[in-house]
Amino acid sequence: MPEDRTDAELLLASRAEPAAFVELYRRHAEDLLRYFARRTLDPAAAAELTAETFAQAFASRSQYRDTGANGVAWIFGIAKHQLSRFFRAGAIDASARRRLGMPVRGLEAEDYERIEELVDLAPIREALAEALEGLAEDQREALRLRVIDGLSYSEVARRLACGEAAARQRVSRGLRRLGLVLQERGLTLAAEVE
Amino acid sequence: MPTTIPYLERLEADLELVAEDAAAGRKAVPGQGGRRRRPAQGAWMRWSGAAAALLVVAWGIGSLSGQSEMALTASEHEAGSTVAGGGEATSAPRAGAPDALGVSPDLADEEAALGTARDGSPYAADIAKIDRDGTLSLKLEEGEFKPAFNEVVLIADRNGGVLLASETHGPDSGTLTLRIPAVNFDRAFAAVSQLGAVRDSTVTGKDVTAEYLDLRAHLRIAKGRRDVIFGLYDRATTISDTLRIYDELEQVQLRIEQTQGRLNYLDQQTSISTLEVTLSEREPEPAAQQQGSGVENPSLTRAWERAVQGFLGVIATVIVGLGYLVPLGILVGIGLLVFMLVRRRGPAAS
């Protein structure tokens with residue numbers, strides 16, 4: 001049954017009816033994942049940040065006040081905070097998930113593929129090429145094969161003569177490094193979602 | 001909008017579980033997930049464990065500290081005497097050793113001018129003010145108690161002192177309390193210790209020279225102030241001036257008398273020492289029997305008292321340990337804070 005309540009109404013309702021929050025999640029999870037993926041360029045980091053943001057929002061939903069703005073703006077406020085903490089400390093907080101008893105889940109091969117599809121690299125291709133030069137050789141090569149040539153991880157692993165997990169790790173680290181470089185230069189892959 | 005990313009589907013399932021838990025625990029903890037209690041309990045247990053570990057460490061440090069103190073006391077005891085007090089003290093009798101630390105001509109003159117020195121006394125110019133007392137316990141051969149008792153009285157007399165009190169316990173043991181001029185204390189102590197085998201001896205000393213000199217300076221200033229006020233008193237022309245000056249004069253006079261009283265007390269304390277001598281032909285009874293402790297005569301009252309003492313002892317030991325740990329903890333905390341700040345700025349700067 002389609003849900004016709006607004007985001008703000010769902011947030012307010014979730015205090016007494018926690019399942020309403022799940023509906024809010026369904027509406028915005030992918031947007032939030034894209035938000036993080038375009039800023040970190042790291043699928044694993046983006047996924048974890050998404051999970052932690054929703055966990056944080058759920059844990060503190062009683063603090064939400066309907067000020068007339070769209071309720072999702074409140075969640076993106078939490079997301080911005082998580083992102084700035086990630087760039088500052090280089091680590092992802094998991095305290096909200098711990099408090100709620102939620103597991104910290106890793107990504108599977110398909111997740112990487114799908115999350116990378118969310119990231120549109122076209123707007124910053126030039127800056128990206130420049131930033132690529134600053135990466136370690138193995139990371140740069142892995143990124144080139146995966147992102148520019150669009151090869152699958154198994155093919156990247158074969159070309160680099162390493163395991164698929166190692167290939168994924170090199171791409172992931174390279175993307176994270178790229179994300180930091182772009183962040184320092186004030187570049188983002190897309191406009192703010194809010 | 002249903003997602004097509006498997007990770008988000010798994011995350012949705014996790015959130016649904018959390019929401020169900022929250023719905024189940026809504027009445028008990030409004031707005032909180034039911035699962036929250038488990039981690040919270042875990043956190044509580046972690047904090048309790050940390051606190052218990054801290055207390056154990058504090059107790060360990062306190063025990064070590066106490067043991068080192070006991071070892072120090074024991075080593076002093078083995079030397080044949082215990083030294084206590086805040087100033088000059090001796091660990092063995094010094095026959096005929098001078099009590100003075102030295103004489104300052106200026107201060108001797110000052111004392112003479114103040115009139116606090118007792119002219120003609122052997123220590124009129126002695127500015128070292130040390131309050132000394134001692135105890136001496138002697139083991140005598142059989143039949144020596146009475147001659148030794150009389151000899152102690154004679155020693156006190158020969159050194160200008162007196163027998164203040166005495167107490168005998170049967171025909172072969174007793175205690176004498178002597179008051180002896182401080183300047184002769186060491187000589188008398190040495191003479192008495194020759195009368196038998198020294199079982200135990202204690203000399204305590206408290207150096208009050210600094211306080212004594214301070215008081216003399218205060219007295220001199222107060223007297224000078226009194227002279228000035230006297231001058232003003234003579235020149236007062238109005239009744240209000242006279243009354244005000246009189247009040248002031250009264251206060252200064254009171255201060256002079258208080259200071260003089262304290263000086264006199266210190267003079268008396270430092271010029272006469274107390275020596276308590278215990279003479280006995282018998283070996284002392286074992287402490288366990290004297291105090292009735294141990295398991296030979298069990299008593300619930302005594303057991304309770306010992307339990308309370310033990311409890312207080314552990315608390316005291318923990319407090320001593322915390323005294324060491326708290327400043328260390330503060331230093332470590334500051335270090336961690338600096339480390340975290342540097343670490344935070346590191347990625348931002350890079």
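One term before anything else. A residue is buried if 20 or more other C-beta atoms lie within 10 Å of its own, exposed if 12 or fewer, and partly exposed in between, with C-beta atoms placed from the backbone.

Now, the ground rules. This is a predicted model: local features need pLDDT of at least 70, side-chain atom pairs count only at pLDDT 80 or more, and totals for chains, interfaces and linings use all residues. Residues are numbered from 1 along each chain as its sequence is written, while chains are lettered from A and ligands numbered from 1 in the order in which they are written.

Ala161(A) has a positive phi of about 55°, although it is not a glycine. Where is Ala161(A) placed? In the loop between α9 (153-160) and α10 (164-184) of chain A. Why does Ala161(A) count as exposed? Because Ala161(A) has 8 C-beta neighbours inside 10 Å.

Compare Val72(A). Val72(A) lies in helix α4 (residues 71-89) of chain A. Is Val72(A) buried or exposed? Buried, because 22 other C-beta atoms lie within 10 Å. Leaving out residues up to four places away in sequence, Val72(A) touches Asp7(A) and His28(A). Touching here means contact: two C-beta atoms, placed from the backbone, within 7 Å. Val72(A) and Leu32(A) sit 40 residues apart in sequence and 9.8 Å apart in space, C-alpha to C-alpha.

Chain A as a whole. It has ten helices and zero strands. Helices (H or I, at least four residues) and strands (E, at least two) are DSSP runs, numbered from the N terminus. Of the 194 residues of chain A, 44% count as buried. Take the contacts in chain A with a separation of 6 or more: residues 24 or more positions apart account for 72% of them.

How far do we trust it? pLDDT is the predictor's confidence in each residue, from 0 to 100. The mean for chain A is 81, and 87% of its residues reach 70 or more. Over residues 190-194 of chain A the pLDDT is below 50. Where pLDDT is low, the predicted coordinates should not be read in detail.

Next, the cores. A nonpolar core is a set of buried Ala, Val, Leu, Ile, Met, Phe, Trp, Tyr and Cys residues joined through C-beta atoms within 7 Å. The largest has 61 residues, and Leu33(A), Phe58(A) and Leu15(B) touch the most other members. Leu15(B) touches residues of chain A, including Phe21(A), Tyr25(A) and Phe58(A), not counting residues up to four places away in sequence. A second, separate core of 21 residues includes Phe145(B), Val152(B), Leu178(B) and Leu279(B).

Last, chain B. Strand β2 (residues 130-139) of chain B pairs with strand β5 (residues 197-207) of chain B in the antiparallel sense, over ten bridges. Pairing needs at least two bridges found by DSSP. In β5(B), the bridge partner of Leu138(B) is Val198(B). Seven bridges join β2(B) to strand β6 (residues 272-280) of chain B, and these two run parallel. There, Ser137(B) has Thr278(B) in β6(B) as its bridge partner.

Finally, which elements do the buried residues of α7(B) pack against? β2 and α6 (209-235) of chain B. Val252(B), Thr259(B) and Thr270(B) are buried in α7(B).
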